[in-house]
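Hi everyone, thanks for coming. Let me bring the model up on the screen, and then we'll walk through a few parts of it together.

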Amino acid sequence: MQVYFKENGLADFVSGNGVGWIEINRNLKKYPYAYSKTLEHEISHSKSNGVFDIWLEIKQFIDLKLIKQLFLFTITHPKSWNQFSPISKTIKGNYSLNFFIMLVMVMVLMFVGAMVYGVI
Ligand SMILES: [Zn+2]
């Protein structure tokens, strides 16, 4: 698996035209635990052929050590914030969609909508 380092975002598994690679923010190496866990996470994505795997994402949210390091990383590295955009540009210049972020956005919109219309 080819791993490319970048200066922004966190990490992504990108696939297209039969090739897949991992892009990871080089500054994440300052947090060895988060770095290895994130790399492991992206490798798991590659094994599921890039198919959206909700369990992989949930596993990250229950790892408090990982959450803490990623939180510290994101507040000290503002360039990582573009990870939370639903569309991002890969190092090879094409665009990738983040389905997890899209799902979270849809859930937030549904929640806000339900509150506005008094359902909850
Ligand atoms: Zn993921």
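**A helix across a sheet**

Let's start with helix α1, residues 32–47: its 16 residues reach 23 Å from first C-alpha to last, close to the 22 Å expected at 1.5 Å a residue, where the expected span is 1.5 Å times one less than the number of residues. Helices (H or I, at least four residues) and strands (E, at least two) are DSSP runs numbered from the N terminus.

Two notes on the source. This is a predicted model, where local features need pLDDT of at least 70, side-chain atom pairs count only at pLDDT 80 or more, and totals for chains, interfaces and linings use all residues. Residues are numbered from 1 along each chain as its sequence is written.

Now, which residues of α1 are buried? They are Ala 34, Thr 38, His 41, Glu 42 and His 45. Buried means 20 or more other C-beta atoms within 10 Å of the residue's own, exposed means 12 or fewer, and partly exposed is in between, with C-beta atoms placed from the backbone. Seen down the axis of α1, the buried residues fall within an arc of 95 degrees, so they line one face of the helix; the arc is taken from the directions from helix axis to C-beta atoms. Turned away from that buried side are the exposed Pro 32 and Glu 40.

And the sheet? This open sheet has three strands in the order β1-β3-β2, with mixed pairing; strands pair if DSSP finds at least two bridges between them. At its edges are β1 (2–6) and β2, each pairing on one side only. β2 and β3 pair in the antiparallel sense over six bridges, and Gly 16 stands opposite Val 19 in β3.
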